[in-house]
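Hi there,

Here is the structure I promised to pass along. Have a look at it first, and then read on for what I found.

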Amino acid sequence: MQSTEITFDNFAETGGLFTEMLRARYRHFVQLRRWNLPNVRGLEFDQYDTPESIYCTVHEGKTVLGGFRMTPTTAQCMTTSYMLRDAQLGLLPGLPSNVLDHSAPQDAAIWEVSRFFVEDTLSARERRDVRGHLERGLSRLAQEWNISAFLCITSVTAALLMRRARLSITSAGPRFEAGGETCQAYHLTVDAKSQRSDADAA
């Protein structure tokens with residue numbers, strides 16, 4: 001099991017893995033959770049999958065076990081910025097405009113995390129291992145890209161998984177229903193002390 005950072009700059013090496021990640025997202029969000037998301041030929045994607053986003057995927061070979069997407073809050077592609085800001089501006093009909101309890105930031109040091117998932121068919125131990133890889137991936141990317149804080153929007157269930165991965169996660173807005181699940185916006189930080197402990201144990 002390993003984690004890989006995917007950007008549009010390293011597509012020559014990671015393009016096949018990126019496709020498998022979109023396929024895994026389709027299974028997780030569209031097939032299993034019945035979310036009404038854009039998809040084609042078994043691949044899930046949306047308007048935020050642009051060169052401004054960075055991805056972390058956990059995998060064994062080409063089999064994707066989990067992942068997430070990160071988008072800077074300074075992102076802008078025509079009328080699209082990032083999910084939470086666009087929702088606040090009333091541009092995403094499936095999400096409430098009061099999704100955040102504060103104005104959506106536009107700050108190069110603050111990024112949005114979305115499409116956080118862990119493969120449902122894994123054993124409890126494997127899921128724990130995947131969450132650990134995702135936690136370390138988030139920490140590594142924060143250091144690489146000089147990120148001081150994250151915002152995320154996810155289901156309350158997925159937020160629990162993040163807490164179990166020793167990510168510090170606090171409410172950033174009210175709960176709401178989307179895609180048949182209770183969701184919420186959160187502030188997300190990495191526990192630096194836990195990261196050092198993991199590094200020392202490795």
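Arg 41 is exposed, because its relative accessible area of 71% is over the 50% cut-off. Please keep in mind that this is a predicted model. You will find Arg 41 in the loop between strands E2 and E3 (43–44). Its backbone is worth a look too: Arg 41 is not a glycine, yet its phi is positive, at about 50 degrees.

Arg 34 is another residue to check. Its phi is positive as well, at about 60 degrees, and Arg 34 is not a glycine either. This arginine sits in the loop that runs between helix H1 (11–32) and strand E2 (39–40). With 68% relative accessibility, Arg 34 counts as exposed.

Now to the inside. The largest nonpolar core is made up of 26 residues. Phe 68, Met 70, Val 113, Leu 134, Leu 138, Phe 150 and Leu 188 have the most contacts within this core. Among the elements that give it two or more residues are strands E5 (63–72), E6 (110–118) and E10 (181–190), along with helices H3 (124–144) and H4 (156–164). Helix H3 gives the most, with five residues.

What does Leu 138 touch, leaving aside residues up to four places away in sequence? Its partners are Phe 68, Met 70, Val 113, Phe 150, Leu 167, Leu 188 and Val 190.

Best wishes

How values were computed: Residues are numbered from 1 along each chain as its sequence is written. This is a predicted model: local features need pLDDT of at least 70, side-chain atom pairs count only at pLDDT 80 or more; totals for chains, interfaces and linings use all residues. Side-chain values use heavy atoms; hydrogens and water are left out. Helices (H or I, at least four residues) and strands (E, at least two) are DSSP runs, numbered from the N terminus. Buried means under 20% relative accessible area, exposed over 50%, partly exposed in between (1.4 Å probe, protein chains only). A nonpolar core is a set of buried Ala, Val, Leu, Ile, Met, Phe, Trp, Tyr and Cys residues joined through side-chain atoms within 4.5 Å. Contact means heavy atoms within 4.5 Å.
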